[in-house]
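Biologist: I have a two-chain model open and would like to talk it through with you. Could we start with how it is laid out and then work down to single residues?

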Amino acid sequence: MTDFSQSSEATPTAKPKSESLFKMDARTKKRNAAETRFKFYGIVAIGIGLLMLVVLVTNIVTAGTGAFQQSFLDLNVELKADKLDKKGNRNIEDIKKVSTFGYAPLIASALESEVEKLGIQSGLTPKEMGKILSKAAQAELRNFVIANPGKIGETVSFRFLVNSRVDGYMKGRVSRESIANDKGISVEQLDFVDQLRNAGVLYKAFNPDFIFGTDASDQRPEAAGIGVAMLGSLFMMFVVLALALPIGVAASIYLEEFAPQNRLTDIIEVNISNLAAVPSIVFGILGLAVFINYMHLPTSAPLVGGLVLTLMTLPTIIISTRASLKAVPPSIRDAALGVGASKMQAVFHHVLPLAAPGILTGTIIGLAQALGETAPLLLIGMVGFIASNAPDGVVAGFLSPNSAMPAQIYEWSKRADPAFYERAWGGIIILLIFLVTMNTIAVILRRRFERRW
Amino acid sequence: MSFVKLSASALAIAAVSATTATARDQVQVAGSSTVLPYASIVAEAFGENFDFPTPVVESGGSSAGLKRFCEGVGENTIDVANASRQIREKEIKACADAGVTDIIEVQIGYDGIVFASDINGNSFEFTPEDWYNALSAQIVVDGQLVDNPNKTWADVNPAFPAQPIAAFIPGTKHGTREVFEDKVILAGCEHLGDFDAYLAAAEGDNDKAKKKAAEKACIALRTDGVSVDIDGDYTETLARIDSNKDGIGVFGLAFYENNTDKLQVATMSGIVPSTESIATGEYPVSRPLFFYVKKAHIGVIPGLKEYAEFFVADEIAGPDGPLAEYGLVSDPELVKVQEAVANETVLGGGS
């Protein structure tokens, strides 16, 4: 490339020297062609990557957005005193004796009178009509009555969830053909649903309970939400942040600034890098053995989950912190030491503040990684029907059984009712929003505060 | 310096809270993934109707659940183990070794196991013999034990279409596998008379050992890829059938009933599986479901006895309860079960 004449002499087939430099010879053409090809490969590779991303995102969005909407039915329920409070003394203990099953006829008769008012002829019995509602409706009604015993005897209007099959019909997932063998719902009930929809009392609406609510059993997918699992994830991240950041930063400052360079520190260094590559399930087994079986911490608790994820995140934080400490030029340290600062002062007053953006970025990326982790949680009992109690306080948040967002998604994807599948995708959307936000914050921090030397 | 303070206070909080963690106030359940949906329905209703918090139900399989159950007595061990099979002698012994002596066995009802294929594919009417001939490692042809030569269902039974055999059956960690082996493969093997051929070929010191070896040979499944073990859940089996339209999978009745738009069910010995045909015993492939309660925890863990009683109450486990609606076949002798729970009758007699 450097010497045109030399290269042309080396190849016997080269054109004579008199040829213009502006005219390309065969070798230049070949090299240029290779370069063009390489660029093309690069573009193809990026294109494939982008295509995958687009396919993934469209898939997630189309499959998951349905979970954010739910079908509701407006209903005026007469809270009949003779059913709910037989003794008539409004004693809360007596009212509590009526179980959720006792509320089902109340709802069915409310629906019957509503249907009469709307002038709908369905030919269904009140019980069959009541079946289009979610089982969660009974619980909602009972909770309302217990919270407001004074309302007994009055007619109160409610917005109830409908059953997952009816919701699936409203969303186009269930059709008259697909329920041919289904025992849960009949074609007549779907006709009834159509009539209610035309009357405007049955409609689809945004469902905040999916984002803030608790998990629900296999029988009522329509009522399941990811809120409590989100809290579980949050408490785990607190534990990770409170433990992994100080320990990781302290370890890397010592290794980078104070520790002598010898075989021992080399071994430690290699092992930290190895630790970063250990599969996360291994940390789960470790957590089960150490934290639960040996230390007797409670199972399924976010505290234990956080401890396990701390072990997983530590190497990531140590590696990124060391890299950002290394990036601070030695002249800063020398200058500080030169004006009489102790080594510790030099590190904490000058080096650490300059390395802080890098440390924070590494920490956020480590946290994002921990947030999306499921495998270790399987072993410490955070997968199952768990996220059904919202923790009542900070200590309970750490110690009472809870799930985590990815564990909840995994659990939903295993359940039989297809409606849970939609919720699993909805959960993925929420989880992805968290991850993208965290990574964006990391990028912004790096852009804004990182100094190049 | 604030890092140091932060981490010190975090550790202190962790330590303090760990010591206050001794009083657990919710029931903890683990075990069979078949029982999990029922247990979660009960747990949810229990949390709604009682002042106790909703119990925590984990899955993981019958064996894993019973293993955790038998780890010992105390707040850090589970209170209830769900199982899709009866507890084994070995497990009772392991429990006793760890100090778990008084175990209350509760049978909640029956669960049917169904064979289902893609909704648009061929329909089948199976007998246990068909499944034995399709999946056993060795079958008897002309009086000789030979490696299973059948490639399509038509080879198994001329009445079937020539569809390649592709079976997705539960892996060995599932309790369902045991039922499949016992009630389908072994039944087919014995019914065909192949059992005698195995018995003749079996090695053993005495008749009992020979019989055991023959049974084992009966239920040994072929390993040439025709039968695929699914270690995950039924959703995985469903996904497999989705991608291989020739596949036939083993499901729980409740799972099938939730996915009737994608699956068609095969009859067994001419009987269509349903809660009714299973309750009457006509449909042959069913098994009882259980949960086991640690008696030592009753009175210590608030709500444990109430949970057990609520689980088998008529309004829950009865023929019109939510469990039956979801696919559980109600136990006709539920009254006896309720009595046993109320009296805290433990395994092996005594109270």
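Biologist: To begin with chain B, what distance separates the centres of domain 1 and domain 2 of chain B?

Modeller: Bearing in mind that this is a predicted model, the centres of domain 1 and domain 2 of chain B, taken over C-alpha atoms, are separated by 30 Å. The division puts residues 23–111 and 287–343 in domain 1 of chain B, with 112–285 forming domain 2.

Biologist: And how many residues of each are in contact across that boundary?

Modeller: There are 18 residues of domain 1 of chain B in contact with 15 residues of domain 2 of chain B. On the domain 1 side, at least two residues each are supplied by helix H3 (62–69), strand E4, helix H15 and strand E14 (329–330) of chain B, and the residues of that side divide into six nonpolar, nine polar and three charged.

Biologist: What does chain B come to in helices and strands, and what percentage of its residues is buried?

Modeller: The secondary structure of chain B comes to 16 helices and 14 strands, and buried residues make up 47% of its 351 residues. Along the principal axes, its C-alpha atoms fill a box of roughly 75 × 55 × 50 Å. Among contacts in chain B between residues at least 6 apart in sequence, 72% join residues at least 24 apart.

Biologist: Let me zoom in on H10 of chain B; which of its residues are buried?

Modeller: In helix H10 of chain B, which spans residues 234–243, the buried residues are B:Tyr234, B:Thr237, B:Leu238 and B:Ile241. Seen down the axis of H10(B), these buried residues fall within an arc of 100°, so they line one face of the helix.

Biologist: Why would a spacing like that put residues on one side of an α-helix?

Modeller: An α-helix has 3.6 residues a turn, so residues three or four places apart point the same way.

Biologist: What sits on the face turned away, then, and what covers the buried residues?

Modeller: The face of H10(B) turned away from its buried side carries the exposed residues B:Asp242 and B:Ser243. The cover over the buried residues of H10(B) includes strands E4 (103–118), E8 (167–170), E9 (227–230) and E10 (248–252), together with helix H11 (253–258), of chain B.

Biologist: Switching to the two chains together, how many residues of chain B are in contact with chain A?

Modeller: On the chain B side there are 42 residues, in contact with 42 residues of chain A. Elements giving two or more residues to that side of chain B are helices H1 (2–20), H2 (36–49), H10, H11 and H15 (322–326), along with strand E2 (56–58). The largest share, 10 residues, comes from H2(B), and the side as a whole divides into 20 nonpolar, 14 polar and eight charged residues.

Biologist: In which sense does E2(B) pair with the strand from chain A?

Modeller: Strand E4 of chain A, residues 384–385, and E2(B) pair in the antiparallel sense over two bridges, with A:Gly384 standing opposite B:Glu58 in E2(B).

Biologist: Which residues touch the most other members of the largest nonpolar core?

Modeller: That core has 167 residues, and those touching the most other members are A:Val240, B:Val42, B:Val106, B:Ile108, B:Phe291 and B:Tyr292. Helix H11 of chain A, residues 227–258, gives the most to this core, with 15 residues. Leaving aside residues up to four places away in sequence, B:Ile108 touches several residues, including B:Tyr38, B:Leu289, B:Phe311, B:Val312 and B:Leu328. There is also a second, separate core of 38 residues, which includes A:Leu73, A:Val77, A:Leu111 and A:Ala223.

Biologist: How is chain A itself split into domains?

Modeller: Chain A is assigned a domain 1 covering 70–220 and a domain 2 covering 227–449, with 44 Å between their centres, taken over C-alpha atoms. Across that boundary, 12 residues of domain 1 of chain A are in contact with 15 residues of domain 2 of chain A.

Key. Residues are numbered from 1 along each chain as its sequence is written. Chains are lettered from A and ligands numbered from 1 in the order in which they are written. This is a predicted model: local features need pLDDT of at least 70, side-chain atom pairs count only at pLDDT 80 or more; totals for chains, interfaces and linings use all residues. A residue is buried if 20 or more other C-beta atoms lie within 10 Å of its own, exposed if 12 or fewer, and partly exposed in between; C-beta atoms are placed from the backbone. Helices (H or I, at least four residues) and strands (E, at least two) are DSSP runs, numbered from the N terminus. The arc is that of the directions from the helix axis to the C-beta atoms. Two residues are in contact if their C-beta atoms, placed from the backbone, lie within 7 Å. Ala, Val, Leu, Ile, Met, Phe, Trp, Tyr, Cys and Pro count as nonpolar, Asp, Glu, Lys and Arg as charged, and the others, Gly among them, as polar. Two strands pair if DSSP finds at least two bridges between them. Domain bounds come from an automatic or database domain assignment. A nonpolar core is a set of buried Ala, Val, Leu, Ile, Met, Phe, Trp, Tyr and Cys residues joined through C-beta atoms within 7 Å.
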